[in-house]
Amino acid sequence: MCGIVAYLGKNSAQPTLIEGLKRLEYRGYDSAGVGLLSGGKIKVKKCSGRISALEEILDKPDSSETLGIGHTRWATHGAPTTINAHPHLDYTGKIAVVHNGIIENYGTLKTWLKSEGATFASETDTEVISNMIGYFYAKSKDKTNSNGQNKFEWAVQHALRELSGTYGLAIVCSDFPDMLIGAKKGSPLILGVGDNEYILASDASAIVEHTKQAIYPSDNEMVIITSDGFRTKTLDNVSVTNELQEIEFSLEQIELGGFEHHMLKEIFEQPAALSTCMGGRIDVKENKIKLGGIASYLREMTHIKRLIMTACGTAFHAALVGEFLFEHLARITTETEYASEFRYRNPIIEDGTVVIAISQSGETADTLAAIEEAKERGATVLGIVNVVGSSIARATDAGIYLHAGPEIGVASTKAFTAQVAVLTMMAIELGRRKNLSNSEAGTCIKELSLIPGKISRILEQSDSIKKIAAANIDRENWLFLGRGFNYPVALEGALKLKEISYIHAEGLPAAEMKHGPIALISDGMPAVFIATAGPQYEKILGNIEEVKARGGKTIVVATEGDENIKQLADHLIAIPDAPELLQPMLTVIPLQLLAYHAAVLRGHDVDKPRNLAKSVTVE
């Protein structure tokens with residue numbers, strides 16, 4: 001959840017570090033700091049609060065300071081204070097570390113290090129890492145050992161073997177002003193390779209302004225970087241060859257491009273993002289779907305009896321839509337599990353079970369742990385992720401990239417619709433191979449191809465949706481209600497409102513309202529209904545009547561041309577007609593806009609909501 005940037009090159013490191021940290025602000029943070037190699041020492045500047053506060057205490061950039069590390073921290077161990085901010089020095093002052101992850105055995109190691117004479121200044125688990133490296137560094141008498149390693153490299157390697165937990169690390173030593181070491185286990189880390197300069201970061205957005213060439217170290221690997229080049233090896237000192245890959249997005253894609261916020265930009269990018277996601281995968285003329293990433297697994301999947309999908313947050317809601325799709329179109333028994341729960345119980349994984357893990361970032365810690373659990377029990381595990389080269393993309397047996405472009409806003413929008421689009425394509429193709437006629441599959445494919453254009457029409461209502469938000473933002477409790485395929489959308493709408501506007505909202509299957517939550521209805525309480533055309537339309541009209549009878553204010557998302565529902569809606573949002581199974585990609589759009597406008601009108605920073613991080617890489 002933290003942001004890491006490190007630089008070694010021909011220019012002053014400080015401007016690149018600050019620029020990189022600003023690119024990573026969207027990940028969420030509460031403090032920031034940098035460490036620069038300066039005159040044989042490590043100069044550390046850090047503070048709680050925003051990067052702007054850090055800039056105020058920095059010295060003028062020095063062209064001789066060409067190696068440095070930077071960090072934005074989202075507090076786990078220890079309060080968000082200056083002393084707990086990164087980088088953390090070891091007790092000798094020679095080693096500095098920035099860290100993303102959690103060290104599970106830090107308490108035991110801290111007690112032992114204290115008995116060996118190490119001192120601690122912070123409450124963090126990260127300081128254990130710097131002190132462990134410092135301890136081994138002090139124990140190494142020779143600058144180069146029999147394996148050809150220098151003492152810095154040797155100390156890092158031995159210290160990391162003692163750690164339990166997760167880490168993405170950038171490490172420097174004052175005695176080696178031309179060496180930067182990175183290491184990875186369960187947390188993201190990328191090395192950008194430029195023209196006589198190297199940038200180590202937790203996210204490609206901190207790299208793309210300088211280079212599009214990168215390597216993606218695997219878990220339990222460390223990369224040693226000098227001005228002469230880089231090399232990668234395992235913690236057991238086995239050399240590893242990493243192929244250079246091209247970062248697939250551009251700098252322009254992560255800029256605001258005239259929009260006030262990244263979230264609004266990404267909401268409006270959804271027609272283009274879905275077109276790209278489906279491009280080359282659906283062939284309307286031939287009534288075919290091509291999913292190259294999982295092509296070799298599709299035959300196996302036509303025979304499975306059980307499918308499990310696992311995810312967290314917004315991706316979990318997309319998975320719920322997927323559950324309905326797979327059961328409806330492919331007739332495969334499907335269940336959706338929170339990844340954070342899946343890993344801690346005793347899941348039943350029978351022979352032939354397929355698990356689909358979904359994550360925008362591809363770095364979600366709980367989802368990675370769920371993948372490991374499923375693979376240990378013999379499941380085939382497929383991934384649906386947006387970020388190329390991410391940990392989940394590499395941990396799964398095969399998968400499908402969203403190709404939705406970078407998502408900077410903490411509140412996920414275009415990733416949700418792209419995830420649903422991918423799940424829809426998978427379900428149609430499996431259904432075609434099992435029980436759908438070519439005609440039925442062709443109708444689904446044709447209707448799916450029309451979704452981007454229909455989203456564009458909904459986006460034209462942004463200003464009118466803003467007025468609806470303005471009329472209701474003084475209310476602190478909302479309900480979101482849907483049935484069938486739109487029940488997960490009700491959950492997603494409530495989540496969006498909660499996470500950026502800080503309004504309490506609850507998403508429910510509309511039929512469940514009578515089983516308790518109806519007690520919450522009071523005069524003027526907003527209830528958002530998804531009441532589009534479908535088999536349960538008449539039922540949800542009854543639910544709307546029940547809310548109106550108790551004084552609730554109804555905000556209704558309905559199908560264009562529905563005259564009957566106008567008398568039941570205090571506020572009406574009309575969307576284009578579509579088959580029920582494709583409606584979630586449309587009905588979610590007004591709810592995203594409603595949440596966005598509510599948050600802005602309440603004066604909140606929608607791109608950096610309090611207490612949240614873009615990718616949750618720790619438990």
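**Notes on a predicted model**

1. Let's start with the aromatic rings: the count of aromatic pairs comes to 9. Keep in mind as you read that this is a predicted model.

2. One of those pairs is Tyr198 with Phe230. Their ring centres are 6.2 Å apart and the planes meet at 70°, so this pair is edge-to-face; the cut-off for that label is over 60 degrees. The pair also ties together distant parts of the chain, with Tyr198 in strand 10 (residues 198-201) and Phe230 in strand 13 (residues 229-234), 32 residues apart. Tyr198 is buried, at a relative accessible area of 9%, while Phe230 counts as partly exposed at 29%.

3. Phe259 and Phe268 make another aromatic pair, and this one is tilted: the planes are 40° apart, with 5.9 Å from centre to centre.

4. If you like clusters, look up Trp112, Tyr135, Phe136 and Trp154, which ring pairs link together.

5. Two arginines are worth a click as well. Arg50 lies over the face of Tyr29, 4.8 Å from the ring centre. Over the face of Tyr502 you'll find Arg610, at 3.9 Å from the ring centre.

6. Now for some backbone details. Between His86 and Pro87 the peptide bond is cis, with omega near 5°. Pro87 is part of the loop between strand 4 (67-73) and strand 5 (88-89).

7. Where does Arg331 lie, and what is its phi? Arg331 lies in the loop that runs between helix 9 (313-330) and strand 19 (333-338). Its phi is near 55°, a positive value in a residue other than glycine. Arg331 is exposed, with a relative accessible area of 59%; the label follows because exposed means over 50%.

8. His403 has a positive phi too, near 55°, and again the residue is not a glycine. You'll find His403 in the loop between strand 22 (398-401) and helix 13 (414-434). At 30% relative accessibility, His403 counts as partly exposed.

9. Next, have a look at the open sheet of 5 strands, ordered 24-23-25-26-27 with parallel pairing. Strand 24 (504-509) and strand 27 (571-575) are its edges, each pairing on one side only. From one strand to the next, the twist averages 15°.

10. Inside that sheet, strand 23 (residues 477-482) and strand 25 (residues 526-531) run parallel and are joined by 3 bridges.

11. What lies across strand 23, strand 25, strand 26 (553-559) and strand 27? That is helix 16 (residues 462-472), and it runs at about 150° to strand 27.

12. Is Ala369 buried or exposed? Ala369 is buried, because its relative accessible area is 14% and the cut-off for buried is under 20%. For a sense of distance, the C-alpha atoms of Ala369 and Pro271 are separated by 33 Å, and the two residues are 98 residues apart along the chain.

Methods. Residues are numbered from 1 along each chain as its sequence is written. This is a predicted model: local features need pLDDT of at least 70, side-chain atom pairs count only at pLDDT 80 or more; totals for chains, interfaces and linings use all residues. Side-chain values use heavy atoms; hydrogens and water are left out. Buried means under 20% relative accessible area, exposed over 50%, partly exposed in between (1.4 Å probe, protein chains only). Rings of Phe, Tyr and Trp (its six-membered ring) pair if their centres lie within 6.5 Å; planes under 30 degrees apart count as stacked, over 60 as edge-to-face and the rest as tilted. Helices (H or I, at least four residues) and strands (E, at least two) are DSSP runs, numbered from the N terminus. A charge sits over a ring if NZ of Lys or CZ of Arg is within 6 Å of the ring centre and within 35 degrees of the ring normal. Two strands pair if DSSP finds at least two bridges between them. Axes are lines fitted to C-alpha atoms, for helices over the stretch in contact, and angles run from 0 to 180 degrees between N-to-C directions. Contact means heavy atoms within 4.5 Å.
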